[in-house]
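Colleague: I am new to this structure and would like to learn how its features are read. Could you take me through them one at a time?

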Amino acid sequence: MDNGESIGVVSAAYFVGRTALLQWINELAQLNYAKIEQTSNGVFACHVFDALYPDLIRFDKVKFEAKQPYECVHNYKILQACFNRAKMKRMVDVEKLIKGKYQDNLEFMQWIKAYYDSHASEEALTTTAARVGKSSRGGRLGR
């Protein structure tokens, strides 16, 4: 498995704009996010890596309605555990992300999109659609 290190800060991934990212997020997870900052709870990131590596993430443990910092930290711990199991060297800067600041979350979402685009197979796309439909939140993964 690629550990994600090939996606550097000068990569084309970091030139994907807010509008394109929001469209991708909303289409992939059937969400209605209006701001990048709404990804700060870690739910969408867990969703993406559950689609890519369903055996490596405990998606059933994700706190979909996470709003408090400790709930968001819980979600990012699940994500980091997935990264560790996948032997990815990427460290999630939880303290920055849970603050909900635009730039930090934008850069993380750009990295996630680039990673997803380079690793998603037709099977992952089908799995994503099936998981969204079976979400315990009626097809909506978090807020």
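This is a predicted model: local features need pLDDT of at least 70, side-chain atom pairs count only at pLDDT 80 or more; totals for chains, interfaces and linings use all residues.

Colleague: How do the axes of helix 1 and helix 2 cross?

Modeller: In general, two packed helices are described by the angle between their axes and the distance between the axes. Here the axes of helix 1 and helix 2, the latter spanning residues 43–52, cross at roughly 60° and come within 11 Å, and the crossing is left-handed. On the side of helix 1 the contact is made by Trp-24, Ile-25, Leu-28 and Ala-29, while helix 2 brings Phe-44, His-47 and Val-48. Sorted by class, that contact has 6 nonpolar residues and 1 polar residue, with no charged ones.

Colleague: Is Asn-26 buried or exposed?

Modeller: A residue counts as buried under 20% relative accessible area. Asn-26, which is found in helix 1 (residues 18–29), counts as buried because its relative accessibility is 16%. Leaving aside neighbours within four places in sequence, Asn-26 is in contact with Leu-31, Asn-32 and Tyr-33.

Colleague: Which residues lie closest to the centre of the largest pocket?

Modeller: The largest pocket holds about 180 Å³ of space, and of the 11 residues lining it, Arg-90, Asp-93, Asp-104, Glu-107 and Phe-108 are the closest to its centre. Helix 4 (94–97) and helix 5 (102–119) each supply at least two lining residues, with the largest share, 3 residues, coming from helix 5. By class, the lining has 6 nonpolar and 5 charged residues, and no polar ones.

Methods:
Residues are numbered from 1 along each chain as its sequence is written. Side-chain values use heavy atoms; hydrogens and water are left out. On a 1 Å grid over the protein atoms alone, a cavity is a set of points where a 1.4 Å probe fits but cannot get out, and a pocket is an open set with protein on both sides within 12 Å along at least five of seven lines; lining residues have an atom within 4 Å of a point. Grid points are joined across faces, edges and corners, and a volume is the space filled by probe spheres set on the points. Helices (H or I, at least four residues) and strands (E, at least two) are DSSP runs, numbered from the N terminus. Ala, Val, Leu, Ile, Met, Phe, Trp, Tyr, Cys and Pro count as nonpolar, Asp, Glu, Lys and Arg as charged, and the others, Gly among them, as polar. Buried means under 20% relative accessible area, exposed over 50%, partly exposed in between (1.4 Å probe, protein chains only). Contact means heavy atoms within 4.5 Å. Axes are lines fitted to C-alpha atoms, for helices over the stretch in contact, and angles run from 0 to 180 degrees between N-to-C directions. A crossing is left-handed if the near helix is turned anticlockwise from the far one by less than a right angle, and right-handed if clockwise.
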